[in-house]
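Please look through the model shown here. This briefing covers its salt bridges, one of its helices and some backbone angles.

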Amino acid sequence: MKHSKTKQSMAFVVAALLACQPISAYAATFADMNQVPWSGAEVSINKAASLGLVVGETVNGKTYFRPRDSVSLTESCQLAYKLLLQTGKATANASVTEKWAAVLKTYGIKEWAHPAVSYCLEEGIISISNLGSFMKNGSNLPATREQAVTILGRALTTGVPSYSANATTTKFNDNASISSEARPYVALLNQVGVVNGDNVGKFNPKSTLNRTETAVLVTNLYNVLNKSSATTPTNPAASTKSGTVKDMNALYVNFENSNAYYLFASTGATVTLNGASSSAAELVKLFKNGTTIKATLTLDSNTRITKLVATADTKTAEEDLTGTIKSLSKSSIKIGSNTYKIDDSSSVSVKIDGSTKKFSDLKEMYDDGETITATLTLDKDDYVTKIVATTKSSSSSKTDELKEIKKVSGEDYEAYIKVGSTKYYIEDIDDLKVTIDGKTKDFSDLKDAFGDLEDGEYFAVSVTLDRDSDEDNYITKITATKKASTSTKKGEITDLREKTGSKGTIELDDKNTYSIKDIDEVTVKIDSKTKDFDDLMDLFEDDVEMTATLTITGDYVTKIVVTTESDGTTKSGTLKDVDYASSSKSYEAYVKIGTKTYEIDDVDWLDVIIDDRTKDFDKLIDVFNDLDDDEYLQVKITLDDDDYVTKIVATTKYE
């Protein structure tokens, strides 16, 4: 694997295009603007945000843009969809989203992206075969530059059919690396001035696109789409629109007798329902459950929704909608003496003790004997759309260690248990439900298991209070989980042995010997890298000094975290080059600091830390090659006794 010192980033592409964009006084609303890859990118980020094309993430009251993060394939579809909606080249269609919903669920596409990805499938911007590369293990996968440009290029030809993508580009020095599928769209976006080559004429199709580069790309594409309109869009003054909602989701609102789709502002909108604070998500649930919603929208100068005032007949104020749940099924719930219908239990919004849950969670708690007080929300047809529940046990019962369990005689109860410092009473042992480690047992089983606990073991117990009892501490259910106490020990390894079978021992300089139940199962980390017991034994037999932190669960070592000691020296300076060595060299890779080159024997054993985060050698090469003109990496390297580099700590600096 060879790497050359080139700027693989499209920073040069998009930075050059900044001069073509009108500069407006967009407010810097993101708290991490100091992390943009190059100076001047803030203008495009803020413009893209003001157009509603990109959004940030709010944490502890501050909104972050994450300018260096990659953009996913799902987000690329979302950007294409938003561009076409906001330039009038597309209209939202709920039936399209419903048509593709089953397919998208099969591929694990997140629900928030269903409208955008459905549109892209419907219009041929992407195909079903592409969806397999969108997700992995429930996470969105990043888009390469050529994938993102292909999606956006197809969006352009969809929105403006007069643009064609029949040409192939010979513009770039790495043209042969661009896939045949992507090449016409790279050529098209180059032709209209949206993308260009880097400082050595490369497009770098297989690299990922960061959020800053994407903000510049989509604002330029927005300008191209706008110029293709029959009339140039204007920014009208802030206004209001009112009506009965015909269609809505987390992205837009559409009124009856109107073809207009009003999008929510990128910073969100304040929402009230019947005079009380609410959310767009709550209105969407009501709407999907058949509730008629009338709304007044306050629109900003870009016709984005900044405020939504809604009214709906939810009947939440009636006193008989609050009370103890007397019966509960998928089709009905009884509060007091009144029974209310449930149309689709999976779509009912449920909160239990302040946490969002599923209807099945509420049903399970009710079936387990919990005393549950609930407040219901009904739609116009008197179907339940929301249940806000509190449990009796939530305030008086907590999971804690089982301290005592005992049968008694001559009392109003047959037995008791002590959990933490609290006693709980069992009126009838035969009616008591007992679960031990997920298996159904009885009181005698728990009593025997408690008595058989070994040193370092204990039972963590939670209880369900008796909702029919007038006493606070009578219980109907015990859920017990066997645990092993955990401790840590730290010191220098003085002895390490493999015993008969898979057992082992490790001795520290505290003169204590600790047992390993199974050397094949124990977790081993050496200098931050995951290894196995044999690797640790090899180092010990080579007389390498090692400091270890042991995690001891019960009576056995379950984790060993080791730091090796060496006589190595350190060197610091500005990183001038980093790469793999040629096959003719005796070493695998190298780094250059100043005028001196340092060799790396094995990159798999190399520790790499970039801006306080553990990375690998390939990532260091990528970061170095993506540096902007005013950036450099300050590095500190550690050398072993043979003068090979064993550790690199790199920090991004600005000139």
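The points below are grouped by topic.

This is a predicted model. The structure holds ten salt bridges. Among them are Lys99–Glu122, Arg145–Glu213 and Asp495–Arg497.

**Salt bridge Lys99–Glu122**
- The side chains of Lys99 and Glu122 pair up at 3.0 Å, N to O.
- Lys99 sits in helix α4 (residues 94-106) and Glu122 in helix α5 (residues 114-122), so the bridge ties together parts that are 23 residues apart in sequence.
- Lys99 has 51% relative accessibility and counts as exposed, because the cut-off for exposed is over 50%.
- Glu122 is partly exposed, at a relative accessible area of 32%.

**Salt bridge Arg145–Glu213**
- The closest N and O atoms of Arg145 and Glu213 are 3.0 Å apart.
- Arg145 belongs to helix α6 (residues 145-159) and Glu213 to helix α8 (residues 211-227), so this pair links parts that are 68 residues apart in sequence.
- Both partners, Arg145 and Glu213, are buried.

**Salt bridge Asp495–Arg497**
- Asp495 and Arg497 meet through their side chains at 2.8 Å, N to O.
- Asp495 has 19% relative accessibility; it counts as buried because the cut-off is under 20%.
- Arg497 is partly exposed, with a relative accessible area of 46%.

**Helix α3**
- Helix α3 covers residues 73-86, which makes 14 residues.
- At 1.5 Å a residue, α3 should span 20 Å. Its end C-alpha atoms are 20 Å apart, in agreement with that value.
- Of the 14 residues of α3, 13 are buried, so the helix is largely enclosed by the rest of the structure.
- Gly88 follows α3 and has a positive phi, near 75 degrees.

- Most residues other than glycine have a negative phi.
- Asn137 is not a glycine, yet its phi is positive, at about 55 degrees.
- Where is Asn137 found? It lies in the loop between β3 (135-136) and β4 (139-140).
- Asn137 is exposed, with a relative accessible area of 76%.
- Asp612 is not a glycine either, and has a positive phi of about 70 degrees.
- The loop between β36 (607-610) and β37 (613-615) holds Asp612.
- Asp612 counts as exposed, at 77% relative accessibility.

Notes:
Residues numbered from 1 in each chain as written. Predicted model: local features only at pLDDT ≥ 70, side-chain atom pairs only at ≥ 80, totals over all residues. Heavy atoms only, no water. Salt bridge = Lys/Arg side-chain N within 4 Å of Asp/Glu carboxyl O. Helix = DSSP H or I, 4+ residues; strand = E, 2+ residues; numbered from the N terminus. Buried < 20%, exposed > 50% of the residue type's maximum accessible area, 1.4 Å probe, protein only. Expected span 1.5 Å × (residues − 1).
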